[in-house]
Each structure stands twice: as C-alpha cells, then as structure tokens.
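Have a look around, then read on.

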Amino acid sequence: MNLEAKLKEIFGYDNFRNGQKQIIEQVLEGQATLGILPTGAGKSICYQLPALIQPGLTLVISPLISLMKDQVDNLKQKAGIEGVAAISGMLTLIERSAILEQVRLGDIALLYLSPEQLRNRTVKQAIKQRQIGGWVFDEAHC
C-alpha cells in the first residue's frame with residue numbers, strides 16, 4: 001500500500017513528518033506501538049490514517065474532551081470523513097444513543113472515548129459487537 005498516496009488522498013498532505021511513517025507502518029503490521037512525538041508533530045495522523053484504511057473499529061481513549069471534539073470536527077469538516085465520533089459525559093442521551101447505533105451498524109471507524117466511558121455498560125455492549133482494529137491512548141500524560 002502506498003501510504004503517501006493515502007496521506008494525500010485523505011488528509012491532503014504530500015509528505016509525512018519525521019517519525020510518522022515508521023509508527024504507521026508498525027501499527028498496520030499489527031505491532032503494539034508506542035509513539036512519543038513532540039507537541040505539534042502530528043501524533044494524531046499516526047492513528048487516524050491506520051484507522052481509516054484498515055478494517056475494524058479504532059478506539060481512542062482521551063481525557064481531553066475539547067481535543068476529541070476538535071479532532072472529530074476536523075476529520076468531518078476538513079477531510080470529509082463521516083465515520084468518526086466521540087462519546088463523553090457532555091452528550092445528551094439522544095446524541096449518545098445515535099452514536100452507539102452508528103457504532104453497532106459499523107458506520108464508525110474511529111471512536112473517541114473519554115476514559116470513564118469504558119465503565120458504561122451500553123458503550124461496552126456496542127464495542128463488543130465490532131472487530132477492534134486498534135486501541136489508542138492519546139494524551140497519556142493527563
């Protein structure tokens with residue numbers, strides 16, 4: 001697979017930043033990968049690109065609700081990707097139910113979760129119904 005072509009097609013970037021391609025290749029090979037990059041170095045691409053080109057649901061655990069919202073908004077608006085959502089305690093029951101239904105149906109490829117959502121029974125049931133393509137722990141320093 002030509003990763004540079006996928007990077008251009010999905011995100012509009014011509015080249016990877018230092019370290020990104022190596023991390024992405026390891027993820028796509030199924031290796032447990034720890035990617036530590038400085039702020040602004042493009043860590044998100046390291047899990048977003050694999051999530052969008054490999055089968056299954058990628059779960060991104062992040063304690064930063066505003067960051068999750070920004071990531072989802074950017075993927076939807078700038079990249080035109082619909083298969084991405086976030087679940088946190090800030091959602092209404094109707095919003096949460098709609099996202100969980102999309103997860104169950106396989107319409108979501110990349111799901112951001114705040115850590116406490118992993119204790120939620122309905123969230124656990126929804127993700128159990130899907131093949132998990134990857135687990136990502138973002139902003140682990142928090």
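## Ground rules

A residue is called buried under 20% relative accessible area, exposed over 50%, and partly exposed in between, using a 1.4 Å probe and protein chains only. This is a predicted model, where local features need pLDDT of at least 70, side-chain atom pairs count only at pLDDT 80 or more, and totals for chains, interfaces and linings use all residues. Numbering runs from 1 along each chain as its sequence is written, and side-chain values use heavy atoms, with hydrogens and water left out.

## The nonpolar cores

In soluble globular proteins, nonpolar side chains tend to be buried together. A nonpolar core here is a set of buried Ala, Val, Leu, Ile, Met, Phe, Trp, Tyr and Cys residues joined through side-chain atoms within 4.5 Å. The largest one has 25 residues, and those touching the most other members are Phe11, Ile24, Leu49, Leu75, Val84, Leu110 and Tyr112. Two or more residues each come from α1, α2, α3, α4, β2 and β3, with α3 giving the largest share, 6 residues. (Helices are DSSP runs of H or I, at least four residues; strands are runs of E, at least two; both are numbered from the N terminus.)

Apart from this core lies another, of 14 residues, including Leu59 and Val123.

## A pair of tyrosines

There is 1 aromatic pair in the structure. Tyr47 and Tyr112 have ring centres 6.3 Å apart and planes at 70 degrees, so they sit edge-to-face. For pairing, ring centres of Phe, Tyr and Trp (its six-membered ring) must lie within 6.5 Å; planes under 30 degrees apart are stacked, over 60 edge-to-face, and the rest tilted.

Because Tyr47 is in helix α3 and Tyr112 in strand β3, the pair ties together parts 65 residues apart in sequence. Both tyrosines are buried.

## Salt bridges

How many salt bridges are there? The count is 5, taking a side-chain nitrogen of Lys or Arg within 4 Å of a carboxyl oxygen of Asp or Glu. One of them joins Glu4 and Lys21, whose closest N and O atoms are 2.8 Å apart. That pair links distant parts of the chain, with Glu4 in α1 and Lys21 in α2, 17 residues apart. Glu4 is partly exposed at 29%, and Lys21 is partly exposed at 28%.

Asp73 and Lys69 make another, at 2.7 Å between the closest N and O atoms. These two share helix α4, 4 residues apart, about one turn.
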